[in-house]
Amino acid sequence: MSYYVTTPIYYVNGEPHLGHAYSTIAADILARHHRQRGEDVFFLTGTDEHGEPVAQQAEREGVTPRELGDRLAPRFKRMAAKVEASNDFFIRTTDEGHVKRVQEVVQRVHDNGHVYEGTYEGLYCPRCADFKTESEVAEGNTCPIHGIELTKEKQDNWFFKLSAFQEDLERLYEERPDFVTPDFRRNEALSFIKQGLRDVSLSRPTLKWGVPVPWDTEQVIYVWFDALLNYYTALGYAREDEDLTGRYWPAFHILAKDILKFHAVYWPAFLMAAELELPRGMFIHGFLLMEGQKMSKSLGNVLDPDEVIEKFGADALRYYCFREVSFGQDGQISPAGFEARYDSELANEFGNLANRTLSMVSRYRASVVPEAEPDPALAPDFEGVPDRFNELLDGAELSQALEDAWKLVRRLNRYVEESRPWDLAKAGPGREAEEPALDVARLDQVLYSLAEGLRVAALLLHSYMPDTTGRLLGALGEPDRGLAAFGSRGGGQAVEKIPPLFPKLEAESGD
RNA sequence: GCCGGAGUAGCUCAGUCGGUUAGAGCAGCGGAAUCAUAAUCCGCGUGUCGCAGGUUCGAGUCCUGCCUCCGGCACCA
């Protein structure tokens, strides 16, 4: 079974920020999760480098668009690495393999009769790289988004017959209710379709920076089609010796709400026109808001992922993003919120649970997990959790799944208090009078159950926090990374004590 | 203007087909414990469930109207 997941490709007219990291982390969690389930996974991210905004940005900086891409693509690549993204390839739309395959697909759409030549006249925003309909024009012929003056443009260019796919799209949404999730995004896309689709421009005659239209090399392909096709083209050349298309296509897409229309309407229509299989689905996430506003360069409220990772670690960032903000919704984030979650949940609840567990096994049982039956007091709380976890992640419900896993962490801390291993380990007065052998067995059972529960929880959390859970699983003597049921493994492994997984922040700054 | 969503504890939110005293986390207050990164655990809520009607034996849950907020689309400038 294969699983192919993508992030949007990031536009190189600016530096990477936390918003980019967010999409990347989400896709990475899904990729890692499906690998844990033993599936054949391909995870793609990359950069979008064509189009007018890049050309303009390059001009402002006095470099060629190619040079701008060459400078920024590595930054995005590095960001992916910094957040521990396990992508199998990093596509750049300037890659030869991409350009070639875009032309093939566009040619096929043309040959299938879905392209025609027309004239487009209207007000154009160079920053948006898009024409504005009358309704989208602000006072004084300015762009409502960028506030800059629009220019009147008339272009002979090629059109894609989007309107011809109206019924097909409606049927798609009918037949596959999960094609776009969450459902309120699906409704938005569907109502957009239902109100009637207009043909869209497929090419740009005035621009040189892009993929040439194969049958009219004076024009370049509109950057959005070029960009969307990355999901398909990458599989063709990511590996020198193998075309991966048959193995992985179609994809599951992760994207933010601002590019819903392109992915949920244009993209499937274009694939239909090219007679390619449609995506298996897509999940539309919201924005991480800083002080109530979208992070944006112009507002100056951008959180640099590097700084966050520097202070909290990549795992903590990955955790926080999906814990604090319900995946799919917009949500507030803040440095104070990071610190609160880090301290109370990662350090105190999870890190300390790991620490006390390893410590007690080490102290009371010479660092070997005892062999015992799972405690019936604990087992029901783990019953069915991995299955439900899988189901949630099948629907890309990252926050819900994380919540389920976290309940186990909390349950285990409670279990420690309920079972009081330190009392069981005491041979003090009033204990010897009872049956010591019973307590030995009981302590074995408690320590086994605790270590086993921690193992199961760590495995569930592994896709979210690969580094720290990896270290913890190593310390627990667990070589495998597949999801496991509670009680599926016996005792007998040697454990080792390790430094705190999430050191307290005060302790750090106090040094 | 049209469509959709939301309005529940100080904050963030759960509340499944209408059914027992409306829940969780955080924050706050009090306590227990000592294996552990002074971490953990337990206890503590007089909430007009946006407002007003209605249906029902019974409504946070269904219906109608209204208010506020958010999103999408359309329109105007």
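Reply: Gladly. Strands are DSSP runs of E at least two residues long, and helices are runs of H or I at least four long, both numbered from the N terminus; two strands pair if DSSP finds at least two bridges between them. This is a predicted model, in which local features need pLDDT of at least 70 and side-chain atom pairs 80 or more, while totals for chains, interfaces and linings use all residues; side-chain values use heavy atoms, without hydrogens or water. Residues are numbered from 1 along each chain as written, with chains lettered from A and ligands numbered from 1 in written order.

Me: How many helices and strands does chain A have?

Reply: Chain A has 20 helices and 16 strands.

Me: What makes β1 and β12 a pair?

Reply: Strand β1 (residues 2-11) and strand β12 (residues 252-256) are joined by 2 bridges, and two is what pairing requires. The two strands run parallel. Valine 5 stands opposite phenylalanine 252 in β12, and threonine 6 has histidine 253 of β12 as its bridge partner.

Me: What else does β12 pair with, and over how many bridges?

Reply: β12 also pairs with β13, in the parallel sense, over 5 bridges. Alanine 256 has histidine 285 in β13 as its bridge partner.

Me: Which strands stand at the edges of the sheet, and why?

Reply: The open sheet has 6 strands in the order β3-β2-β1-β12-β13-β7, with parallel pairing. β3 and β7 (180-181) each have a single partner strand, so each has one side without a neighbour in the sheet and stands at an edge. Helix α10 (residues 260-273) packs on this sheet, touching β7, β12 and β13 (281-285), where contact means heavy atoms within 4.5 Å. The direction of α10 makes about 145 degrees with that of β12.

Me: Why is β12 called largely enclosed?

Reply: Buried means under 20% relative accessible area, exposed means over 50%, and partly exposed lies in between (1.4 Å probe, protein chains only). In β12, 5 of the 5 residues are buried, so the rest of the structure largely encloses the strand. Phe252, Ile254 and Ala256 cover one side, while His253 and Leu255 are buried on the other.

Me: How do you know that both faces of β3 are covered?

Reply: Strand β3 (residues 89-92) has Phe89 and Ile91 buried on one side and Phe90 and Arg92 buried on the other. Its link to strand β2 (residues 40-48) is parallel, with 4 bridges; one of them is between threonine 47 and arginine 92.

Me: Is glutamate 275 buried or exposed?

Reply: Glutamate 275 has 60% relative accessibility, so it lies over the cut-off and counts as exposed. Glutamate 275 sits in the loop between α10 and β13. For chain A, buried residues make up 57% of the 511 residues.

Me: What makes α15 and α16 roughly antiparallel?

Reply: Axes are lines fitted to C-alpha atoms, for helices over the stretch in contact, with angles from 0 to 180 degrees between N-to-C directions. Angles under 35 degrees count as roughly parallel, over 145 as roughly antiparallel, 65 to 115 as roughly perpendicular, and the rest as oblique. Helix α15 (residues 385-394) packs on helix α16 (residues 398-419) at about 165 degrees, with axes 8 Å apart. That angle makes α15 roughly antiparallel to α16. Their crossing is left-handed: the near helix is turned anticlockwise from the far one by less than a right angle, clockwise being right-handed. The contact includes Phe389 and Leu392 of α15 and Leu402 and Leu408 of α16. Its residues divide into 9 nonpolar, 1 polar and 2 charged (Ala, Val, Leu, Ile, Met, Phe, Trp, Tyr, Cys and Pro are nonpolar; Asp, Glu, Lys and Arg charged; the others, Gly among them, polar).

Me: Why is α1 called oblique to α15?

Reply: The axes of helix α1 (residues 18-36) and α15 come within 11 Å and cross at roughly 135 degrees. That value makes α1 oblique to α15. Leu30, His33 and His34 of α1 meet Phe389, Asn390, Leu393 and Asp394 of α15. By class, this contact has 3 nonpolar, 3 polar and 1 charged residues.
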